[in-house]
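Me: I've got a structure to go through with you. Can we take it piece by piece?

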Amino acid sequence: MTENEFIEGLQNRNANAYGKLLDEYQQKVFATCMSFVPNKEDAEDIAQDVFVEVFNSISKFKGNSKLSTWIYRITTNKCLEFIRKRNTKKRFAFLQAITGNDMPLDKTNYFTEMNHPGVILENKEKSETLFFAINQLPDAQKVVFTLHKVDGKSYQEISDIIEKSVSSVESLMFRARKNLQKLLENFYKNEI
Amino acid sequence: METKKNIQDKVDSTFNALDAMEPVNVSPFFKDKTMQVLFAEKDEKQSVWNWFTPKLQLAALVCIVVLNVVAFSKMETASSYDENLSEFAESYGLVASDNDSSILN
């Protein structure tokens with residue numbers, strides 16, 4: 001079956017085509033969701049939303065990019081949407097954290113309960129700190145850093161997903177790393 | 001100086017924590033659950049009126065409007081036709097009175 005036939009099957013809402021889609025992409029989509037949202041239950045909910053979105057929007061897929069790229073784009077947007085919603089709720093509850101600048105990595109202010117089964121125990125604290133720091137980055141930097149460093153995607157793949165040039169991706173990655181360095185330095189300074 | 005180096009070591013090891021992260025498998029029933037959600041939504045959408053697409057709705061609306069216009073204009077001509085007919089009947093004395101049509105006479 002060619003990709004076009006497969007896409008046609010998806011557009012015709014063929015159950016076999018969706019079975020195949022899930023076999024091929026459930027793990028990849030879930031892994032990307034886990035990279036953005038380090039909580040297994042939340043990541044599964046988002047992954048499910050991604051497939052529902054694919055189901056509802058496949059008729060709009062014009063084949064300008066690869067199907068996988070399109071699915072990862074939906075995944076990234078769904079994750080950002082989830083984080084944005086949760087952060088808004090948390091921000092409202094922790095208004096005082098905005099005025100206080102002594103603890104930029106306030107761990108109580110994180111959008112979800114950290115529950116990443118892939119994090120080994122000895123790295124738990126460090127991984128949590130890094131996830132909290134990533135959450136402080138602007139969206140564009142957050143996406144690039146997460147997709148590259150946490151999810152392990154190449155610059156070319158990220159460039160296709162976010163529809164920006166590879167040099168833009170490199171520049172965003174550089175700025176993300178610089179900002180994270182600053183955030184983590186401040187955090188460890190305050191810890192001492 | 002020592003503290004600065006210490007902090008940098010901590011930052012580096014924090015960045016390195018990502019490399020040691022193991023992949024997490026999706027739960028075994030994810031596919032079944034998702035298929036159920038997808039095709040439950042599909043059934044819901046395939047309601048009785050699913051075939052009545054916006055294009056058809058517009059066409060139906062146009063048909064109804066045209067039919068109404070035609071019917072209205074026909075009604076107008078029909079009433080003038082009746083008037084003409086009764087006028088014609090009157091002028092030629094073709095109007096039947098109640099007495100004429102009575103069988104008893």
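Reply: One definition to start: the expected span of a helix is 1.5 Å times one less than its number of residues. Helices (H or I, at least four residues) and strands (E, at least two) are DSSP runs, numbered from the N terminus. This is a predicted model, where local features need pLDDT of at least 70, side-chain atom pairs count only at pLDDT 80 or more, and totals for chains, interfaces and linings use all residues. Residues are numbered from 1 along each chain as its sequence is written, and chains are lettered from A and ligands numbered from 1 in the order in which they are written.

Me: OK, why does the length of H3(A) agree with its residue count?

Reply: H3(A) has 18 residues, so at 1.5 Å a residue it should span 26 Å, and its end C-alpha atoms are 25 Å apart.

Me: Which residues of H3(A) are buried?

Reply: Among them are A:Ile46, A:Ala47, A:Val50, A:Phe51 and A:Val54. Buried takes 20 or more other C-beta atoms within 10 Å of the residue's own, exposed is 12 or fewer, and partly exposed is in between; C-beta atoms are placed from the backbone.

Me: Switching to the interface. How many residues of chain A are in contact with chain B?

Reply: 34 residues of chain A, against 26 residues of chain B. Contact means C-beta atoms, placed from the backbone, within 7 Å.

Me: Which helix of chain A gives the most?

Reply: H2(A), with nine residues. By class, that side of chain A has 17 nonpolar, ten polar and seven charged residues. Ala, Val, Leu, Ile, Met, Phe, Trp, Tyr, Cys and Pro count as nonpolar, Asp, Glu, Lys and Arg as charged, and the others, Gly among them, as polar.

Me: Next, H7(A) and H8(A). At what angle do they pack?

Reply: About 140°, with axes 10 Å apart. Axes are lines fitted to C-alpha atoms, for helices over the stretch in contact, and angles run from 0 to 180 degrees between N-to-C directions.

Me: Which residues make that contact?

Reply: A:Val143, A:Val144, A:Leu147 and A:His148 of H7(A) meet A:Tyr155, A:Ile158, A:Ile161 and A:Ile162 of H8(A). They divide into seven nonpolar, one polar and no charged.

Me: Loops now. What is phi of A:Glu163?

Reply: Near 55°, a positive value in a residue other than glycine. A:Glu163 sits in the loop between H8 and H9 of chain A.

Me: Is A:Glu163 buried or exposed?

Reply: A:Glu163 is exposed, because it has 11 C-beta neighbours inside 10 Å.

Definitions and conventions
Contact = placed C-beta atoms within 7 Å.
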